[in-house]
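Me: I'm new to reading protein structures. Could you walk me through a few features?
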Amino acid sequence: GEPGVLFLDAANRSNPVPHLYELEATNPCGEQFLGPYENCCLGSINLAQHVTADGQIDWGALEQTVIESTRFLDDVVSANKYVPAVPQLQDAAHRVRRIGLGIMGLADVMYKIGVRYGDQQSLDLAGQVMEFVRFHCMRTSIELARERGPFPAISGSIYDPDNLLWQPPTPLQPYSHSFGRPVVDWSAIVEGIIAHGIRNGAQTT
């Protein structure tokens, strides 16, 4: 329901650019906290298109979709036609280069592979899928930083290669079900940020 409730202290603990501003609000639908004049290019991957005919998640296809989607959204930040009368919009977008890659169709995947929505197995599946998406989105953003340069405000951010404060995510509890997901090595993300920075101040939403 509305009005929504925002926990600003929790939001600011994970603010990627605390040197620029303290977070005060989200975009209208609440997918991502934003600073003054900021906007975020959002996109969702349809997970239902990543299930094989025999009812398995096609992790290879999902990885490729994440890579292409991340590159597409970063291109959108550059190609957007921002309102000329408010130059702060373009400045803010280019300064942090926020993107918001998300998912849809999770319940459809559960139906197709025979997982009951809401039980422990479904929680494991949701966690493994989103961790996989986040990992490959960040890995692609690091590759984009190597090719095109990191976001301009990276110095002083949690992704500052000279003072990296960002920490890899960990599951709230260990996964107890296997869905054939390839291993993700978060140490490679840490090493990549230190070596090249990262292109987008926010990656998933």
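Below, we talk through rings, helix packing and some spacing in this predicted model.

Me: Let's begin with aromatic rings. How many aromatic pairs does a search of the whole structure find?

Reply: Two rings are called a pair if their centres lie within 6.5 Å. Here the search finds four aromatic pairs. Take Tyr 159 and Trp 166: their ring centres are 6.3 Å apart and the planes make an angle of 35 degrees, so this pair is tilted.

Me: Are those two residues buried or exposed?

Reply: The general idea is that buried means under 20% relative accessible area. Tyr 159 has 4%, so it is buried. Trp 166 has 5%, so it is buried as well.

Me: Which aromatic pair do Trp 166 and Trp 186 form: stacked, edge-to-face or tilted?

Reply: Look at the angle between the planes: under 30 degrees is stacked, over 60 is edge-to-face, and the rest is tilted. For Trp 166 and Trp 186 the planes are 50 degrees apart, with 6.0 Å from centre to centre, and the pair is tilted. This pair links distant parts of the chain, 20 residues apart: Trp 166 sits in the loop between helix H5 (120–148) and helix H6 (186–196), while Trp 186 belongs to helix H6. Trp 186 is also buried, with a relative accessible area of 9%.

Me: Which residues do the ring pairs link into a cluster?

Reply: The cluster holds Phe 135, Tyr 159, Trp 166 and Trp 186.

Me: Now for helices. At what angle do H5 and H6 pack?

Reply: To read packing, compare the directions of the two axes and ask how far apart they are. For H5 and H6 the angle is about 20 degrees and the axes are 10 Å apart. Angles under 35 degrees count as roughly parallel, and H5 and H6 are therefore roughly parallel to each other. Their crossing is left-handed.

Me: Which residues of H5 and H6 meet?

Reply: On the H5 side they include Phe 135, Met 138 and Ile 142, and on the H6 side they include Trp 186, Ile 189 and Ile 193. By class, this contact of H5 with H6 has seven nonpolar, two polar and four charged residues.

Me: How do H2 and H5 cross?

Reply: Helix H2 covers residues 59–79, and its axis comes within 9 Å of the H5 axis, crossing at roughly 45 degrees. That makes H2 oblique to H5. The crossing of H2 and H5 is right-handed. Sorted by class, the residues of the contact of H2 with H5 are nine nonpolar, five polar and eight charged.

Methods. Residues are numbered from 1 along each chain as its sequence is written. This is a predicted model: local features need pLDDT of at least 70, side-chain atom pairs count only at pLDDT 80 or more; totals for chains, interfaces and linings use all residues. Side-chain values use heavy atoms; hydrogens and water are left out. Buried means under 20% relative accessible area, exposed over 50%, partly exposed in between (1.4 Å probe, protein chains only). Helices (H or I, at least four residues) and strands (E, at least two) are DSSP runs, numbered from the N terminus. Axes are lines fitted to C-alpha atoms, for helices over the stretch in contact, and angles run from 0 to 180 degrees between N-to-C directions. Angles under 35 degrees count as roughly parallel, over 145 as roughly antiparallel, 65 to 115 as roughly perpendicular and the rest as oblique. A crossing is left-handed if the near helix is turned anticlockwise from the far one by less than a right angle, and right-handed if clockwise. Contact means heavy atoms within 4.5 Å. Ala, Val, Leu, Ile, Met, Phe, Trp, Tyr, Cys and Pro count as nonpolar, Asp, Glu, Lys and Arg as charged, and the others, Gly among them, as polar.
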